[in-house]
Amino acid sequence: MKLRKWAALAMAVVLCAGLLAACGGTPEPASTPAGSEPASVPVTTGDDGREMVGNMYVEGFPIVKEPVTYKILVCNDGDPNTMPFYEKYAELTNVNIEWEFYDYDTTVEKKNLMYTTGEYFDGVGTWCLGDADILTYADDVWVALDGMIEQYAPNIKYAFDNFPNAWGTMTTPNGHVYGLPIMAKQPDCGWIMHINQKWLDNLDLEMPETLEDFENVLRAFKEQDANGNGDAGDEIPFSFYDTGANNIYGNMFGAWGVLAGQSNQLMLRDGEVLFAPAEEGYKEGVKWLNKLYAEGLIDPEAFTQDSINYQTRGQSGDDSVYGVFIDFTGVNVVGEQRYVDEYISLAPLAGPDGTRMWGQGDPSIFRNMFAISTAAENPEILLRWLDGLFDPEMSYQVTNGELGEWTEKGDDGVYRYKPFPEGMTESEVRNKYCVSAMPYCIMPDFPMEQNSNQVIKTEADKRVSPYITDEPFPSVWRTPEQNERLSVISADLLKLAADKRVAWITGQANIDAEWDNYLADLGKIGLEDYASIYQEAVDAYFANIS
(Lines give C-alpha, C1' and ligand atoms only; values in the text may rest on other atoms or scores of the structure.)
Protein backbone atom coordinates (compact mmCIF):
# COMPACT_ATOMS: atom_id res chain seq x y z
CA MET A 1 0.00 0.00 0.00
CA LYS A 2 1.51 3.33 -1.04
CA LEU A 3 1.48 6.35 1.22
CA ARG A 4 -1.14 8.07 -0.91
CA LYS A 5 -3.47 5.20 -0.03
CA TRP A 6 -2.95 6.07 3.62
CA ALA A 7 -3.54 9.73 2.90
CA ALA A 8 -6.79 8.87 1.16
CA LEU A 9 -7.75 6.77 4.15
CA ALA A 10 -6.94 9.66 6.45
CA MET A 11 -9.26 11.94 4.49
CA ALA A 12 -11.93 9.24 4.56
CA VAL A 13 -11.65 9.03 8.35
CA VAL A 14 -12.15 12.78 8.66
CA LEU A 15 -15.07 12.78 6.23
CA CYS A 16 -16.63 9.78 7.94
CA ALA A 17 -16.46 11.52 11.30
CA GLY A 18 -18.03 14.64 9.80
CA LEU A 19 -20.80 12.70 8.09
CA LEU A 20 -21.63 10.83 11.27
CA ALA A 21 -21.97 14.08 13.14
CA ALA A 22 -24.01 15.73 10.38
CA CYS A 23 -26.37 12.79 9.95
CA GLY A 24 -26.81 12.08 13.64
CA GLY A 25 -25.19 8.67 13.13
CA THR A 26 -23.50 8.68 16.52
CA PRO A 27 -26.11 8.39 19.26
CA GLU A 28 -25.36 9.56 22.76
CA PRO A 29 -24.28 6.68 25.02
CA ALA A 30 -26.93 5.36 27.34
CA SER A 31 -24.80 6.28 30.32
CA THR A 32 -21.77 8.45 29.61
CA PRO A 33 -19.32 8.01 32.50
CA ALA A 34 -18.93 10.68 35.13
CA GLY A 35 -16.06 13.05 34.59
CA SER A 36 -16.18 12.73 30.81
CA GLU A 37 -16.95 16.35 30.11
CA PRO A 38 -14.26 17.75 27.79
CA ALA A 39 -11.92 20.25 29.40
CA SER A 40 -11.54 23.76 28.01
CA VAL A 41 -8.31 24.05 26.02
CA PRO A 42 -6.82 26.86 23.98
CA VAL A 43 -7.27 26.18 20.26
CA THR A 44 -5.15 27.72 17.49
CA THR A 45 -5.16 27.33 13.71
CA GLY A 46 -2.38 25.51 11.87
CA ASP A 47 -0.84 26.45 8.53
CA ASP A 48 -3.24 24.10 6.73
CA GLY A 49 -6.28 25.63 8.41
CA ARG A 50 -6.87 22.80 10.86
CA GLU A 51 -7.45 23.49 14.54
CA MET A 52 -4.51 22.77 16.81
CA VAL A 53 -3.93 22.31 20.54
CA GLY A 54 -0.26 22.91 21.10
CA ASN A 55 1.63 20.70 18.65
CA MET A 56 -1.42 18.49 17.99
CA TYR A 57 -4.01 18.86 15.26
CA VAL A 58 -7.48 18.29 16.67
CA GLU A 59 -8.47 16.07 13.72
CA GLY A 60 -7.04 14.58 10.56
CA PHE A 61 -3.50 13.53 9.64
CA PRO A 62 -0.74 14.11 10.42
CA ILE A 63 -1.64 14.13 14.09
CA VAL A 64 1.17 16.51 15.08
CA LYS A 65 3.10 19.23 13.32
CA GLU A 66 6.47 18.37 14.83
CA PRO A 67 7.34 14.66 15.22
CA VAL A 68 6.93 13.09 18.65
CA THR A 69 8.01 9.73 20.04
CA TYR A 70 6.43 7.43 22.61
CA LYS A 71 7.83 4.31 24.24
CA ILE A 72 5.41 1.38 24.39
CA LEU A 73 5.60 -2.07 26.03
CA VAL A 74 3.75 -4.99 24.39
CA CYS A 75 3.67 -8.76 24.36
CA ASN A 76 4.28 -9.96 20.79
CA ASP A 77 6.22 -12.49 18.69
CA GLY A 78 7.16 -10.24 15.77
CA ASP A 79 9.08 -6.96 16.01
CA PRO A 80 6.64 -4.03 15.62
CA ASN A 81 9.58 -1.70 14.98
CA THR A 82 10.08 -3.30 11.57
CA MET A 83 6.45 -3.96 10.60
CA PRO A 84 5.54 -2.07 7.40
CA PHE A 85 2.07 -1.33 8.76
CA TYR A 86 3.39 0.63 11.72
CA GLU A 87 6.24 2.19 9.74
CA LYS A 88 3.71 3.65 7.30
CA TYR A 89 1.40 4.66 10.11
CA ALA A 90 4.29 6.59 11.66
CA GLU A 91 4.77 8.46 8.36
CA LEU A 92 1.07 9.22 8.19
CA THR A 93 0.72 10.43 11.78
CA ASN A 94 4.14 11.97 12.47
CA VAL A 95 4.01 9.97 15.72
CA ASN A 96 6.89 7.54 16.20
CA ILE A 97 6.70 4.53 18.48
CA GLU A 98 9.65 2.86 20.14
CA TRP A 99 8.30 -0.62 20.76
CA GLU A 100 9.66 -2.90 23.46
CA PHE A 101 8.27 -6.38 22.90
CA TYR A 102 8.76 -9.64 24.77
CA ASP A 103 7.06 -12.96 25.42
CA TYR A 104 4.12 -12.85 27.83
CA ASP A 105 5.99 -13.68 31.05
CA THR A 106 8.79 -11.20 30.38
CA THR A 107 6.29 -8.48 29.44
CA VAL A 108 4.49 -8.96 32.75
CA GLU A 109 7.81 -8.78 34.58
CA LYS A 110 8.69 -5.52 32.81
CA LYS A 111 5.26 -4.09 33.63
CA ASN A 112 5.52 -5.01 37.30
CA LEU A 113 9.06 -3.65 37.51
CA MET A 114 7.91 -0.23 36.35
CA TYR A 115 5.49 -0.04 39.29
CA THR A 116 8.44 -0.63 41.61
CA THR A 117 10.92 1.71 39.97
CA GLY A 118 8.51 4.45 38.92
CA GLU A 119 10.11 4.45 35.45
CA TYR A 120 6.98 4.08 33.35
CA PHE A 121 6.54 3.31 29.70
CA ASP A 122 4.37 5.87 27.94
CA GLY A 123 1.91 3.11 27.17
CA VAL A 124 1.46 -0.60 27.91
CA GLY A 125 -0.56 -2.85 25.67
CA THR A 126 -1.72 -6.36 24.72
CA TRP A 127 -2.60 -9.15 27.15
CA CYS A 128 -0.37 -8.16 30.08
CA LEU A 129 -2.77 -5.67 31.71
CA GLY A 130 -5.52 -6.83 34.03
CA ASP A 131 -8.31 -5.20 35.99
CA ALA A 132 -6.11 -5.22 39.08
CA ASP A 133 -3.47 -3.14 37.28
CA ILE A 134 -6.00 -0.50 36.30
CA LEU A 135 -7.81 -0.28 39.62
CA THR A 136 -4.74 -0.44 41.83
CA TYR A 137 -2.82 2.23 39.95
CA ALA A 138 -5.64 4.38 38.53
CA ASP A 139 -4.64 8.05 38.28
CA ASP A 140 -1.25 7.37 39.88
CA VAL A 141 0.04 5.43 36.85
CA TRP A 142 -2.78 5.40 34.30
CA VAL A 143 -4.44 8.37 32.65
CA ALA A 144 -8.25 8.63 32.68
CA LEU A 145 -9.25 8.69 29.02
CA ASP A 146 -13.01 9.31 29.01
CA GLY A 147 -12.81 13.11 28.76
CA MET A 148 -10.21 12.92 25.98
CA ILE A 149 -12.25 10.27 24.14
CA GLU A 150 -15.19 12.66 24.05
CA GLN A 151 -12.99 15.47 22.77
CA TYR A 152 -10.29 13.98 20.54
CA ALA A 153 -11.15 10.36 19.64
CA PRO A 154 -14.22 10.17 17.35
CA ASN A 155 -13.56 6.60 16.21
CA ILE A 156 -13.23 5.30 19.76
CA LYS A 157 -16.27 7.27 20.88
CA TYR A 158 -18.33 5.90 17.99
CA ALA A 159 -17.25 2.37 18.91
CA PHE A 160 -18.11 2.88 22.59
CA ASP A 161 -21.46 4.44 21.72
CA ASN A 162 -22.50 1.72 19.30
CA PHE A 163 -20.96 -1.54 20.56
CA PRO A 164 -23.30 -3.21 23.09
CA ASN A 165 -22.50 -2.43 26.73
CA ALA A 166 -19.15 -0.83 25.87
CA TRP A 167 -19.31 2.14 28.23
CA GLY A 168 -20.59 -0.04 31.06
CA THR A 169 -17.93 -2.66 30.48
CA MET A 170 -15.06 -0.17 30.25
CA THR A 171 -16.04 2.24 33.02
CA THR A 172 -14.35 1.47 36.34
CA PRO A 173 -16.10 1.73 39.72
CA ASN A 174 -14.75 5.28 40.12
CA GLY A 175 -16.59 6.35 36.96
CA HIS A 176 -13.70 6.65 34.52
CA VAL A 177 -12.21 4.79 31.55
CA TYR A 178 -8.50 4.03 31.77
CA GLY A 179 -7.99 1.21 29.30
CA LEU A 180 -8.86 0.66 25.65
CA PRO A 181 -10.34 -2.65 24.49
CA ILE A 182 -10.44 -5.09 21.65
CA MET A 183 -14.05 -5.02 20.45
CA ALA A 184 -15.11 -7.79 18.07
CA LYS A 185 -18.02 -10.22 18.02
CA GLN A 186 -16.81 -13.52 19.43
CA PRO A 187 -18.16 -16.99 18.65
CA ASP A 188 -21.37 -17.86 20.46
CA CYS A 189 -19.73 -20.74 22.34
CA GLY A 190 -16.35 -21.47 23.82
CA TRP A 191 -15.32 -25.08 24.38
CA ILE A 192 -17.85 -27.52 22.93
CA MET A 193 -18.16 -31.27 22.38
CA HIS A 194 -17.34 -32.87 19.03
CA ILE A 195 -18.35 -36.38 17.98
CA ASN A 196 -17.09 -38.69 15.26
CA GLN A 197 -19.98 -38.85 12.78
CA LYS A 198 -18.08 -41.42 10.71
CA TRP A 199 -17.97 -43.76 13.69
CA LEU A 200 -21.69 -43.27 14.28
CA ASP A 201 -22.33 -44.21 10.65
CA ASN A 202 -19.98 -47.20 10.82
CA LEU A 203 -21.92 -48.59 13.77
CA ASP A 204 -25.36 -47.46 12.56
CA LEU A 205 -25.85 -45.28 15.64
CA GLU A 206 -28.03 -42.20 16.06
CA MET A 207 -26.71 -38.89 17.31
CA PRO A 208 -26.96 -38.99 21.14
CA GLU A 209 -29.49 -36.62 22.67
CA THR A 210 -29.60 -37.67 26.32
CA LEU A 211 -27.10 -38.77 28.95
CA GLU A 212 -28.23 -42.37 28.47
CA ASP A 213 -27.82 -42.12 24.69
CA PHE A 214 -24.32 -40.75 25.21
CA GLU A 215 -23.33 -43.62 27.51
CA ASN A 216 -24.56 -46.18 24.98
CA VAL A 217 -22.67 -44.51 22.12
CA LEU A 218 -19.45 -44.44 24.14
CA ARG A 219 -19.82 -48.12 24.99
CA ALA A 220 -20.26 -48.95 21.31
CA PHE A 221 -17.22 -46.85 20.40
CA LYS A 222 -15.18 -48.77 22.99
CA GLU A 223 -16.30 -52.28 22.13
CA GLN A 224 -17.19 -52.45 18.42
CA ASP A 225 -14.12 -51.34 16.42
CA ALA A 226 -15.71 -48.00 15.57
CA ASN A 227 -12.87 -46.85 13.30
CA GLY A 228 -13.02 -50.10 11.36
CA ASN A 229 -9.31 -50.95 11.41
CA GLY A 230 -9.74 -54.41 12.89
CA ASP A 231 -8.53 -53.42 16.36
CA ALA A 232 -11.42 -53.03 18.79
CA GLY A 233 -9.15 -51.69 21.51
CA ASP A 234 -7.48 -48.64 19.98
CA GLU A 235 -10.49 -46.28 20.16
CA ILE A 236 -10.76 -43.70 22.93
CA PRO A 237 -14.49 -43.14 23.47
CA PHE A 238 -14.28 -39.74 25.19
CA SER A 239 -11.26 -37.49 25.78
CA PHE A 240 -10.40 -34.04 27.07
CA TYR A 241 -7.73 -32.53 29.26
CA ASP A 242 -8.22 -31.04 32.69
CA THR A 243 -6.83 -27.56 33.34
CA GLY A 244 -7.73 -27.16 36.99
CA ALA A 245 -10.27 -24.42 37.73
CA ASN A 246 -10.83 -23.65 34.04
CA ASN A 247 -11.87 -27.18 33.12
CA ILE A 248 -12.93 -27.51 29.51
CA TYR A 249 -15.70 -30.00 30.30
CA GLY A 250 -17.32 -27.78 32.95
CA ASN A 251 -20.31 -26.88 30.77
CA MET A 252 -21.35 -30.53 30.63
CA PHE A 253 -22.82 -30.00 34.10
CA GLY A 254 -25.44 -27.91 32.32
CA ALA A 255 -27.44 -31.14 32.05
CA TRP A 256 -28.06 -30.68 35.79
CA GLY A 257 -28.58 -26.90 35.55
CA VAL A 258 -25.04 -26.02 36.61
CA LEU A 259 -22.31 -24.29 34.58
CA ALA A 260 -18.73 -24.77 35.74
CA GLY A 261 -16.90 -23.56 32.66
CA GLN A 262 -15.80 -20.17 34.09
CA SER A 263 -12.25 -19.89 35.40
CA ASN A 264 -13.73 -18.45 38.62
CA GLN A 265 -16.22 -21.35 38.72
CA LEU A 266 -19.12 -18.94 39.14
CA MET A 267 -22.54 -18.86 37.50
CA LEU A 268 -25.74 -16.85 37.73
CA ARG A 269 -29.21 -18.15 38.53
CA ASP A 270 -31.97 -15.56 38.66
CA GLY A 271 -29.33 -12.92 39.23
CA GLU A 272 -27.74 -14.74 42.18
CA VAL A 273 -24.03 -15.53 42.08
CA LEU A 274 -23.40 -19.21 42.78
CA PHE A 275 -20.17 -21.20 43.16
CA ALA A 276 -20.84 -24.05 40.75
CA PRO A 277 -18.74 -26.72 42.55
CA ALA A 278 -20.93 -26.28 45.67
CA GLU A 279 -24.21 -26.98 43.84
CA GLU A 280 -26.15 -30.26 44.07
CA GLY A 281 -26.34 -30.44 40.28
CA TYR A 282 -22.55 -30.33 40.14
CA LYS A 283 -22.38 -33.24 42.57
CA GLU A 284 -24.70 -35.30 40.36
CA GLY A 285 -22.64 -34.45 37.28
CA VAL A 286 -19.42 -35.56 38.96
CA LYS A 287 -21.03 -38.86 39.95
CA TRP A 288 -22.09 -39.43 36.35
CA LEU A 289 -18.58 -38.72 35.04
CA ASN A 290 -17.20 -41.11 37.66
CA LYS A 291 -19.52 -43.78 36.28
CA LEU A 292 -18.13 -43.21 32.76
CA TYR A 293 -14.55 -43.26 34.02
CA ALA A 294 -15.08 -46.48 35.96
CA GLU A 295 -16.36 -48.16 32.77
CA GLY A 296 -13.30 -47.06 30.81
CA LEU A 297 -15.33 -44.69 28.65
CA ILE A 298 -13.22 -41.64 29.55
CA ASP A 299 -9.63 -41.43 28.39
CA PRO A 300 -7.39 -42.58 31.29
CA GLU A 301 -4.96 -39.77 30.34
CA ALA A 302 -7.66 -37.07 30.50
CA PHE A 303 -6.51 -35.83 33.91
CA THR A 304 -2.76 -36.06 33.34
CA GLN A 305 -2.18 -35.01 29.71
CA ASP A 306 -1.50 -31.47 28.58
CA SER A 307 -2.91 -29.78 25.48
CA ILE A 308 0.10 -30.75 23.34
CA ASN A 309 -0.27 -34.45 24.05
CA TYR A 310 -4.04 -34.17 23.61
CA GLN A 311 -3.64 -32.67 20.14
CA THR A 312 -0.77 -34.93 19.09
CA ARG A 313 -2.79 -38.05 19.81
CA GLY A 314 -5.76 -36.62 17.94
CA GLN A 315 -3.79 -35.89 14.78
CA SER A 316 -1.42 -38.88 14.69
CA GLY A 317 -1.85 -42.12 12.80
CA ASP A 318 -3.95 -43.17 9.85
CA ASP A 319 -7.07 -43.77 11.95
CA SER A 320 -8.88 -41.45 14.32
CA VAL A 321 -8.71 -42.39 17.99
CA TYR A 322 -11.22 -39.99 19.58
CA GLY A 323 -14.92 -40.76 19.49
CA VAL A 324 -15.92 -37.62 21.39
CA PHE A 325 -13.62 -34.81 22.48
CA ILE A 326 -13.88 -31.23 23.67
CA ASP A 327 -12.28 -28.24 21.95
CA PHE A 328 -12.99 -24.68 20.82
CA THR A 329 -13.23 -25.49 17.10
CA GLY A 330 -12.30 -29.16 16.90
CA VAL A 331 -9.62 -28.37 14.35
CA ASN A 332 -7.05 -27.75 17.08
CA VAL A 333 -7.29 -31.33 18.28
CA VAL A 334 -7.66 -33.48 15.17
CA GLY A 335 -6.60 -31.15 12.35
CA GLU A 336 -8.77 -29.42 9.78
CA GLN A 337 -9.02 -32.17 7.17
CA ARG A 338 -9.75 -34.96 9.63
CA TYR A 339 -12.35 -32.79 11.34
CA VAL A 340 -14.12 -31.96 8.07
CA ASP A 341 -14.05 -35.61 6.96
CA GLU A 342 -15.23 -37.23 10.18
CA TYR A 343 -16.46 -34.94 12.96
CA ILE A 344 -19.42 -32.77 13.83
CA SER A 345 -20.27 -30.76 16.94
CA LEU A 346 -22.48 -32.36 19.57
CA ALA A 347 -25.40 -30.44 21.06
CA PRO A 348 -25.62 -30.33 24.88
CA LEU A 349 -27.05 -33.52 26.32
CA ALA A 350 -30.44 -33.57 28.02
CA GLY A 351 -30.20 -34.20 31.75
CA PRO A 352 -32.45 -36.32 33.98
CA ASP A 353 -35.23 -33.71 33.88
CA GLY A 354 -34.64 -32.76 30.24
CA THR A 355 -32.45 -29.73 30.97
CA ARG A 356 -30.05 -28.84 28.15
CA MET A 357 -27.79 -25.87 28.88
CA TRP A 358 -24.34 -24.65 27.86
CA GLY A 359 -22.16 -21.69 28.78
CA GLN A 360 -21.64 -18.67 26.56
CA GLY A 361 -18.32 -18.03 24.86
CA ASP A 362 -15.88 -15.23 25.51
CA PRO A 363 -17.21 -11.70 25.86
CA SER A 364 -16.98 -9.54 22.75
CA ILE A 365 -15.11 -6.82 24.64
CA PHE A 366 -11.61 -7.62 25.91
CA ARG A 367 -10.81 -4.65 28.07
CA ASN A 368 -7.47 -3.19 29.16
CA MET A 369 -5.63 -4.02 25.96
CA PHE A 370 -3.85 -0.67 26.19
CA ALA A 371 -3.42 2.06 28.80
CA ILE A 372 -1.57 5.37 28.66
CA SER A 373 0.66 6.16 31.61
CA THR A 374 1.10 9.42 33.45
CA ALA A 375 4.66 9.52 32.06
CA ALA A 376 3.34 10.20 28.55
CA GLU A 377 3.80 13.83 27.59
CA ASN A 378 0.64 15.16 25.97
CA PRO A 379 -1.29 11.88 26.33
CA GLU A 380 -4.00 13.20 24.00
CA ILE A 381 -1.53 12.77 21.11
CA LEU A 382 -1.03 9.10 21.90
CA LEU A 383 -4.80 8.70 22.27
CA ARG A 384 -5.31 10.23 18.82
CA TRP A 385 -2.71 7.78 17.46
CA LEU A 386 -4.74 4.93 18.97
CA ASP A 387 -7.98 6.43 17.69
CA GLY A 388 -6.72 5.98 14.13
CA LEU A 389 -6.50 2.24 14.78
CA PHE A 390 -10.25 2.23 15.54
CA ASP A 391 -11.13 3.27 11.99
CA PRO A 392 -12.90 0.18 10.54
CA GLU A 393 -10.38 -0.54 7.78
CA MET A 394 -7.44 0.15 10.06
CA SER A 395 -8.87 -2.17 12.74
CA TYR A 396 -9.07 -4.95 10.19
CA GLN A 397 -5.39 -4.50 9.39
CA VAL A 398 -4.37 -4.32 13.04
CA THR A 399 -5.56 -7.85 13.64
CA ASN A 400 -5.32 -9.46 10.18
CA GLY A 401 -2.36 -7.86 8.40
CA GLU A 402 -1.59 -5.04 6.03
CA LEU A 403 -3.88 -4.43 3.06
CA GLY A 404 -2.10 -5.11 -0.20
CA GLU A 405 0.44 -7.39 1.44
CA TRP A 406 -1.52 -10.04 3.33
CA THR A 407 -5.12 -8.90 2.91
CA GLU A 408 -7.23 -7.20 0.29
CA LYS A 409 -10.58 -5.55 -0.25
CA GLY A 410 -12.40 -7.27 -3.09
CA ASP A 411 -14.55 -5.68 -5.76
CA ASP A 412 -17.52 -6.92 -3.71
CA GLY A 413 -16.40 -4.72 -0.82
CA VAL A 414 -15.47 -7.72 1.32
CA TYR A 415 -12.11 -7.86 3.11
CA ARG A 416 -10.25 -11.16 2.95
CA TYR A 417 -6.83 -12.77 3.13
CA LYS A 418 -4.83 -13.03 -0.07
CA PRO A 419 -3.37 -16.45 -0.94
CA PHE A 420 -0.37 -17.08 1.32
CA PRO A 421 3.02 -18.19 0.02
CA GLU A 422 3.69 -21.92 0.25
CA GLY A 423 4.01 -22.94 3.88
CA MET A 424 2.72 -19.60 5.26
CA THR A 425 -0.31 -19.73 7.55
CA GLU A 426 -2.72 -17.19 8.96
CA SER A 427 -1.28 -17.74 12.44
CA GLU A 428 2.19 -16.83 11.20
CA VAL A 429 0.89 -13.64 9.63
CA ARG A 430 -0.93 -12.63 12.79
CA ASN A 431 2.00 -13.49 15.07
CA LYS A 432 4.85 -12.05 13.01
CA TYR A 433 3.34 -9.21 11.00
CA CYS A 434 0.66 -7.85 13.35
CA VAL A 435 0.44 -6.73 16.94
CA SER A 436 -2.95 -8.40 16.87
CA ALA A 437 -3.71 -7.70 20.53
CA MET A 438 -3.50 -3.94 20.16
CA PRO A 439 -6.90 -2.30 20.74
CA TYR A 440 -9.30 -2.15 17.80
CA CYS A 441 -12.99 -2.42 16.98
CA ILE A 442 -14.62 -4.54 14.31
CA MET A 443 -18.37 -4.03 14.28
CA PRO A 444 -20.57 -7.11 13.78
CA ASP A 445 -21.63 -5.91 10.30
CA PHE A 446 -18.08 -5.25 9.04
CA PRO A 447 -17.74 -7.04 5.64
CA MET A 448 -14.92 -9.50 6.24
CA GLU A 449 -14.60 -13.05 5.00
CA GLN A 450 -14.22 -15.83 7.52
CA ASN A 451 -11.25 -18.14 7.17
CA SER A 452 -11.82 -21.89 7.02
CA ASN A 453 -11.31 -22.34 10.75
CA GLN A 454 -13.87 -19.63 11.51
CA VAL A 455 -16.36 -21.20 9.11
CA ILE A 456 -16.00 -24.53 10.90
CA LYS A 457 -16.47 -22.84 14.28
CA THR A 458 -19.56 -20.96 13.12
CA GLU A 459 -21.18 -24.13 11.82
CA ALA A 460 -20.23 -26.08 14.93
CA ASP A 461 -21.70 -23.45 17.24
CA LYS A 462 -25.07 -23.55 15.45
CA ARG A 463 -25.86 -26.88 17.09
CA VAL A 464 -24.94 -25.60 20.53
CA SER A 465 -26.14 -21.98 20.43
CA PRO A 466 -29.86 -22.73 21.05
CA TYR A 467 -28.92 -24.04 24.49
CA ILE A 468 -26.69 -21.20 25.68
CA THR A 469 -27.62 -19.87 29.10
CA ASP A 470 -29.63 -16.68 29.14
CA GLU A 471 -27.60 -15.58 32.18
CA PRO A 472 -23.96 -15.47 31.08
CA PHE A 473 -21.53 -14.33 33.74
CA PRO A 474 -20.44 -10.76 32.88
CA SER A 475 -16.97 -9.19 32.91
CA VAL A 476 -17.12 -7.37 36.22
CA TRP A 477 -14.87 -4.86 37.92
CA ARG A 478 -13.73 -5.44 41.49
CA THR A 479 -12.40 -2.76 43.78
CA PRO A 480 -8.80 -2.99 45.09
CA GLU A 481 -10.20 -3.87 48.51
CA GLN A 482 -12.27 -6.69 47.02
CA ASN A 483 -9.28 -7.95 45.06
CA GLU A 484 -7.17 -7.95 48.21
CA ARG A 485 -9.71 -10.20 49.95
CA LEU A 486 -10.04 -12.42 46.88
CA SER A 487 -6.27 -12.86 46.74
CA VAL A 488 -6.52 -14.56 50.12
CA ILE A 489 -9.46 -16.78 49.15
CA SER A 490 -9.41 -17.61 45.44
CA ALA A 491 -6.39 -19.85 44.99
CA ASP A 492 -7.20 -22.20 47.89
CA LEU A 493 -10.92 -22.27 47.07
CA LEU A 494 -10.41 -23.13 43.41
CA LYS A 495 -7.64 -25.63 44.14
CA LEU A 496 -9.77 -27.53 46.63
CA ALA A 497 -12.67 -27.68 44.15
CA ALA A 498 -10.41 -28.82 41.29
CA ASP A 499 -8.51 -31.42 43.32
CA LYS A 500 -11.69 -32.94 44.70
CA ARG A 501 -13.37 -33.01 41.31
CA VAL A 502 -10.53 -35.02 39.80
CA ALA A 503 -10.31 -37.35 42.80
CA TRP A 504 -14.05 -38.03 42.72
CA ILE A 505 -14.27 -38.59 38.96
CA THR A 506 -11.28 -40.93 38.89
CA GLY A 507 -12.50 -42.90 41.92
CA GLN A 508 -9.67 -41.92 44.25
CA ALA A 509 -12.29 -40.65 46.69
CA ASN A 510 -16.05 -40.97 47.16
CA ILE A 511 -18.10 -37.82 46.65
CA ASP A 512 -21.08 -38.97 48.73
CA ALA A 513 -18.84 -39.72 51.68
CA GLU A 514 -16.92 -36.44 51.44
CA TRP A 515 -19.50 -33.92 50.21
CA ASP A 516 -20.57 -32.44 53.54
CA ASN A 517 -17.00 -32.05 54.78
CA TYR A 518 -16.04 -30.59 51.41
CA LEU A 519 -18.75 -27.92 51.68
CA ALA A 520 -17.59 -27.16 55.21
CA ASP A 521 -14.00 -26.77 54.02
CA LEU A 522 -15.09 -24.40 51.26
CA GLY A 523 -16.84 -22.36 53.91
CA LYS A 524 -13.74 -22.23 56.10
CA ILE A 525 -11.66 -20.96 53.19
CA GLY A 526 -14.14 -18.14 52.57
CA LEU A 527 -16.79 -19.25 50.08
CA GLU A 528 -19.39 -16.86 51.49
CA ASP A 529 -17.07 -13.86 51.06
CA TYR A 530 -16.05 -15.07 47.60
CA ALA A 531 -19.63 -15.21 46.36
CA SER A 532 -20.59 -11.99 48.14
CA ILE A 533 -17.76 -10.00 46.56
CA TYR A 534 -18.73 -11.17 43.10
CA GLN A 535 -22.40 -10.51 43.83
CA GLU A 536 -21.58 -6.89 44.62
CA ALA A 537 -19.54 -6.64 41.42
CA VAL A 538 -22.29 -8.20 39.31
CA ASP A 539 -24.95 -5.92 40.80
CA ALA A 540 -22.73 -2.89 40.07
CA TYR A 541 -22.19 -4.07 36.50
CA PHE A 542 -25.89 -4.33 35.73
CA ALA A 543 -26.58 -1.01 37.43
CA ASN A 544 -23.89 0.59 35.27
CA ILE A 545 -25.29 -0.64 31.94
CA SER A 546 -28.95 -0.05 32.73
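Setting aside neighbours within four places in sequence, N55 is in contact with I63, V64, K65, E66 and V68, where contact means heavy atoms within 4.5 Å. The structure is a predicted model, in which local features need pLDDT of at least 70 and side-chain atom pairs count only at pLDDT 80 or more, while totals for chains, interfaces and linings use all residues. Residues are numbered from 1 along each chain as its sequence is written, and side-chain values use heavy atoms, with hydrogens and water left out.

N55 sits in the loop between β2 (51-53) and β3 (56-57); strands here are DSSP runs of E with at least two residues, numbered from the N terminus. With a relative accessible area of 24%, N55 is partly exposed, a class that lies between buried (under 20%) and exposed (over 50%), using a 1.4 Å probe and protein chains only. A polar atom of the N55 side chain lies 2.8 Å from the backbone nitrogen of E66. Along the chain, V476 is 421 residues apart from N55, and the C-alpha atoms of the two are separated by 38 Å.

Turning to the sheet, six strands form an open arrangement in the order β5-β4-β6-β14-β7-β17, with mixed pairing; two strands pair if DSSP finds at least two bridges between them. The edge strands, β5 (95-102) and β17 (440-442), each pair on one side only. From one strand to the next, the twist averages 25°, with axes fitted as lines to C-alpha atoms and angles running from 0 to 180 degrees between N-to-C directions. Within this sheet, β4 (residues 68-75) and β6 (residues 123-125) pair in the parallel sense over two bridges. The bridge partner of L73 in β6 is V124.

Terms used. Helices (H or I, at least four residues) and strands (E, at least two) are DSSP runs, numbered from the N terminus. A polar contact is a pair of N or O atoms within 3.5 Å; within protein, one must be able to donate a hydrogen and the other to accept it, and residues adjacent in sequence count only if both atoms are side-chain atoms.
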